Amino acid sequence: MVRFLIPSVAVLLFLLEPEFAMLSPIEIKGQIYYLVPRFLILYLIFISIYYSRQRAVMYGLFFGVLYDVFYIDIIGLYSVLFPLICFLAGSIVKIIHQHLVVTTTISVVLVAILEFILYQFFYLIDFTSIPLSDFLRSRLLPTIIANALFLMILGWAFKYLINARVLQRAREVS
Amino acid sequence: MPHFFFNKKLILLLVGMVFLVALISFSLRDRTNATLPEQIIKDTVGVAQSIVAKPANYIAGVFNNIDSLLNTYEENKRLKARLEEFAAVQAEATELKSDNKKLRELLDKSESLKEFNPIHATVIARNPDQWEEKIILDKGSSHGVEKNMAVMTAKGLVGKVTVVTPFTSEVELLYTSNPNYRVSAMVLGETEAYGLIEGFDKERNELIMKRIDSSLPVKKGQQVVSSGLGGIFPKNVPIGEITEVSTDDFGLTKMAYVKPSADFSILDYVVIAKRSTTVVDGSDGSATNEDLTHPPEASKEEEK
């Protein structure tokens with residue numbers, strides 16, 4: 001049961017992201033803020049940290065391809081960035097303590113890096129022309145805040161779920 | 001460094017990079033349609049997405065209802081004020097309609113650029129990273145949707161269809177920074193002024209209408225609608241209202257800032273307009289330069 005729960009949560013998050021994206025952009029006092037939901041990659045980072053780096057990279061590749069084909073129409077963007085972020089997360093955690101607060105911080109920082117790379121890419125291919133300062137103010141900051149909130153609410157649930165799977169696996173092995 | 005070329009991982013990485021760049025440049029090319037594996041993935045994800053979208057749309061609808069309930073009093077006041085005008089306008093409209101019909105019969109001209117068959121569609125997803133302004137609809141080529149068709153809400157034009165698969169279609173919204181995105185539009189007034197909606201001003205959040213003849217009077221507050229001359233869009237779909245008029249970069253033509261009438265922030269149900277009149281390959285079309293002004297009789301029969 002727990003075995004199938006992990007991929008199905010990933011699928012669910014993948015499908016929920018665009019629904020949350022419809023709430024954005026929001027307008028506060030004439031300023032427009034974009035909130036980009038990055039639930040799936042946050043979850044994959046958690047898998048990478050608490051479960052297995054290799055598994056997370058595989059999920060990252062799979063969902064990255066889906067993301068590219070369905071939403072972006074540029075194949076090879078998310079399908080590289082997702083596994084890369086998962087790989088980074090899995091590598092960082094070998095040096096750092098696995099406390100929930102620490103992993104939450106790392107996840108948010110990694111999402112910020114992802115967002116920044118994407119901005120640079122889209123700037124390069126002329127899909128966007130907003131200057132860096134505007135990007136930081138209207139996109140990066142609100143996105144970080146929104147995703148940090150999401151992780152504060154659901155991070156413990158991810159950890160609980162993944163730990164259950166790890167325990168189950170350990171039992172199977174023994 | 002003799003070891004450099006024997007490092008397998010490094011070579012694998014380099015090959016991977018080359019492959020990646022090739023893949024990205026392939027998909028960035030101006031492709032006319034999705035490849036078969038892409039279509040399969042799009043349709044499968046689209047079906048799953050539309051299942052999730054239903055409860056999500058419902059919940060969003062509840063919030064909208066609450067929101068509109070809060071504004072009821074003020075809205076009612078405004079509506080009452082306009083109701084008095086309404087009766088007069090309606091009488092005039094019916095009169096004009098019957099007039100128009102009679103005159104058309106007199107001229108023996110039954111086709112109009114205004115007429116279109118609506119295809120109702122639900123928005124199932126919005127591009128989550130929001131770099132390109134795109135929405136995905138649950139109707140595709142099997143429902144009669146074709147590339148470049150106009151997509152609108154009750155309030156006005158929202159965008160046009162860019163990619164079609166059998167069960168989904170992708171819509172590029174009006175406020176895109178894509179320079180190739182153009183909509184043929186006209187300003188309603190005593191003399192109609194024609195121009196092109198080209199581009200979007202990020203700071204003002206308004207559309208830019210260019211190439212308006214400088215001899216024609218264009219004023220602030222005038223309505224802008226689609227002209228139907230692009231070849232695919234129906235005529236008279238509202239686009240917005242002019243907020244400012246200035247001259248073009250070279251001073252030869254006028255340009256105007258247009259505030260879009262459609263609300264882009266909450267899009268859940270839209271209408272895809274399939275024009276009844278023959279579709280011409282124009283500036284809204286794929287520009288293949290085919291002679292479609294005199295279409296073969298066979299295709300005309302099919303449409304009827």
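Student: To get going, how many helices and strands are there in chain B?

Tutor: There are 4 helices and 12 strands in chain B, where helices (H or I, at least four residues) and strands (E, at least two) are DSSP runs, numbered from the N terminus. Some ground rules: this is a predicted model, in which local features need pLDDT of at least 70 and side-chain atom pairs count only at pLDDT 80 or more, while totals for chains, interfaces and linings use all residues. Residues are numbered from 1 along each chain as its sequence is written, and chains are lettered from A and ligands numbered from 1 in the order in which they are written.

On confidence, chain B averages a pLDDT of 80, and 87% of the residues score at least 70; pLDDT is the predictor's confidence in each residue, from 0 to 100. Over residues 296–304 of chain B the pLDDT stays under 50, and the model has 1 contact beyond four places in sequence for that stretch. A contact here is two C-beta atoms, placed from the backbone, within 7 Å. The complex gets an ipTM of 0.79 and a pTM of 0.79 from the predictor.

Now the strands. One closed barrel of 6 strands in chain B runs β1-β2-β5-β4-β3-β12, with antiparallel pairing; two strands pair if DSSP finds at least two bridges between them. Neighbouring strands of this sheet are turned by 45° against each other on average, direction ignored. Strands β1 (residues 116–126) and β12 (residues 269–275) of chain B run antiparallel and are joined by 7 bridges. Look at B:P118 there: its bridge partner in β12(B) is B:A273. Helix α2(B) lies across β1 and β2 (134–137) of chain B, at about 85° to β1(B). For such angles, axes are lines fitted to C-alpha atoms, for helices over the stretch in contact, and angles run from 0 to 180 degrees between N-to-C directions.

B:T35 and B:T165 are 130 residues apart in sequence, yet 9.5 Å apart in space, C-alpha to C-alpha.

Another 6 strands of chain B close into a barrel in the order β6-β7-β8-β11-β10-β9, with antiparallel pairing. In this sheet too, neighbouring strands are turned by 45° against each other on average, direction ignored. Strands β6 (residues 182–187) and β7 (residues 193–201) of chain B pair in the antiparallel sense over 6 bridges, and B:A185 has B:G195 as its bridge partner in β7(B).

Then there's the packing. The largest nonpolar core has 48 residues, and B:V151, B:M152, B:V158, B:M209 and B:V270 have the most contacts inside it. Such a core is a set of buried Ala, Val, Leu, Ile, Met, Phe, Trp, Tyr and Cys residues joined through C-beta atoms within 7 Å. Not counting residues up to four places away in sequence, B:V158 touches residues including B:V151, B:L173, B:F264 and B:V270. Across the chain, 29% of the 304 residues of chain B count as buried. Among contacts in chain B between residues at least 6 apart in sequence, 62% join residues at least 24 apart.

Technical notes: Buried ≥ 20, exposed ≤ 12 C-beta atoms within 10 Å, placed from the backbone.
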